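Welcome, and please load the model in your viewer. We will go from stop to stop, with something to select at each one.

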Amino acid sequence: MFIDKAKITVSSGKGGDGAVSFRREKYVAAGGPDGGDGGRGGGVYLAVDKNMSTLINFKYRRNYAAPDGSPGMGRRCSGKSGGDLIIGVPRGTLVRDAGSGRLIADMSSQSEPVLIAKGGNGGWGNSHFASPTRQIPRFAKPGNPGEKLELLLELKLLADVGLVGFPNVGKSTLISVVSNAKPEIANYHFTTLSPVLGVVRVSDEFSYVMADIPGLIEGASEGLGLGREFLRHVERCRMILHIVDVSGSEGRDPIEDFEKINFELKKFNPELAGRLQIVVGNKGDLADWRNVEALRDYAENLGYIFFEISAVTQKGVQDLKNEIARILPALPPIAEYEPDAPELPEASAGREFSIEKHGDVYLVDAPWLLRVMNSCNMDDYESLQYFQRVLVNSGIIADLEEKGVQEGDLVSIYDFEFNYVP
Ligand SMILES: Nc1nc2c(ncn2[C@@H]2O[C@H](COP(=O)(O)OP(=O)(O)OP(=O)(O)O)[C@@H](O)[C@H]2O)c(=O)[nH]1
Ligand SMILES: [Mg+2]
């Protein structure tokens with residue numbers, strides 16, 4: 001079975017809480033604050049595991065959580081960090097946010113683990129808040145929450161060459177004679193129902209991967225016959241081997257077939273029309289030579305390379321194999337998709353928060369704000385303005401003022417602190 005989609009939930013660890021503690025030593029009457037910071041929560045990473053080729057593991061285990069950080073302790077001791085969790089995925093896996101479908105990572109060419117959910121930072125201990133005017137801070141900050149994300153994993157086949165064509169034209173027969181793949185072959189339509197990969201060995205040093213993609217039909221780009229599913233596999237191939245039945249055995253016209261498939265490719269993704277394509281007239285053993293030459297002329301006039309073969313008798317197959325091996329090294333590697341730009345959350349009102357007042361320090365707690373902050377670069381003026389707008393629109397500034405905030409008071413929002421300016 002070929003599984004190419006899986007949904008999993010990942011959560012990073014919560015940061016440990018900061019400690020409230022005061023130094024106690026013999027002969028020292030009132031020691032200063034010495035509460036340590038909480039440890040960082042563990043992050044969740046995805047990394048390419050070369051030995052994995054399917055997403056089947058994720059059907060059995062769906063939840064992945066990194067450990068929390070430990071709380072801070074007295075004597076300025078920081079809590080232990082939660083260890084990072086690294087989840088292995090096959091090369092080529094696309095990682096999407098399950099809710100919005102937004103692409104988070106493309107594991108096609110990544111060699112380093114990719115951070116998916118950041119661990120919450122540890123809260124600061126009370127020693128952090130000591131100042132000449134604030135000698136006995138009896139408060140510390142809680143650790144930041146971790147992130148929880150539902151991910152959709154998609155594995156597109158990473159094939160160099162994709163076999164494309166109508167049903168029953170001999171795609172499976174061809175891959176079975178050139179590669180180690182052993183797909184089902186039969187004289188009816190839709191024998192192949194999910195893509196099959198085969199490795200074509202050219203020499204000890206060079207081999208390439210061929211994908212037998214199920215037959216396409218008219219309307220495939222609109223989803224007919226699972227067409228879109230199959231076309232998505234074609235998208236990832238570096239080149240297309242377009243198989244046309246030149247025997248006319250089903251009373252069809254080879255040139256018409258060729259045009260119809262190209263139309264579907266182009267309609268699904270205009271970029272596919274420009275993808276390198278070798279046109280292969282198959283079932284040459286049964287064909288009238290005039291039909292073969294007509295398709296050859298037609299294809300070559302359009303600038304395509306044309307081969308006539310018989311997958312059954314293997315006539316012409318070796319030449320085709322060699323031609324692919326000659327062309328491939330010059331083609332760009334498998335396309336990598338650019339992740340979409342991260343969206344800034346709406347600067348809207350009505351989100352929950354709480355504010356604790358400790359003398360001249362205001363601790364703001366609002367987990368949703370953490371996401372906003374993670375997407376803002378506070379050194380950048382526009383981001384900072386956006387962030388201020390969020391503070392105003394959400395009512396945080398109004399609440400601070402109600403609680404009596406004065407110019408110069410410290411407002412502390414997770415890792416970000418500023419002195420209040422009216
Ligand atoms: N005479 C002859 N028959 C062929 C040749 N290639 C394939 N066939 C026959 O054509 C039929 C269909 O072959 P498949 O390889 O299953 O075709 P397919 O394109 O994979 O079909 P789908 O999986 O349905 O899309 C089988 O009966 C094959 O034996 C060929 O070169 N010559
Ligand atoms: Mg087949």
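Start with the open sheet of five strands, whose order is 3-1-8-5-6 with mixed pairing. Strands here are DSSP E runs of at least two residues, helices are H or I runs of at least four, and both are numbered from the N terminus; two strands pair if DSSP finds at least two bridges between them. Now select 63–65 and 103–107: strand 3 and strand 6 stand at the edges with a single partner strand each, so one side of each has no neighbour in the sheet. From one strand to the next, the twist averages 25 degrees, with angles running from 0 to 180 degrees between the N-to-C directions of axes fitted to C-alpha atoms.

A word on ground rules: this is a predicted model, where local features need pLDDT of at least 70, side-chain atom pairs count only at pLDDT 80 or more, and totals for chains, interfaces and linings use all residues. Residues are numbered from 1 along each chain as its sequence is written, while chains are lettered from A and ligands numbered from 1 in the order in which they are written.

Next, select residues 5–11 and 148–155. These are strand 1 and strand 8, which run antiparallel and are joined by seven bridges. Look for Thr9, opposite Glu150 in strand 8.

Then move to ligand 1, which has 23 residues around it, with Gly170, Ser172, Asn187, Thr192 and Gly215 coming nearest; a residue is near if its C-beta atom, placed from the backbone, lies within 6 Å. Helix 2 (residues 171–178) gives the largest share of this shell, three residues.
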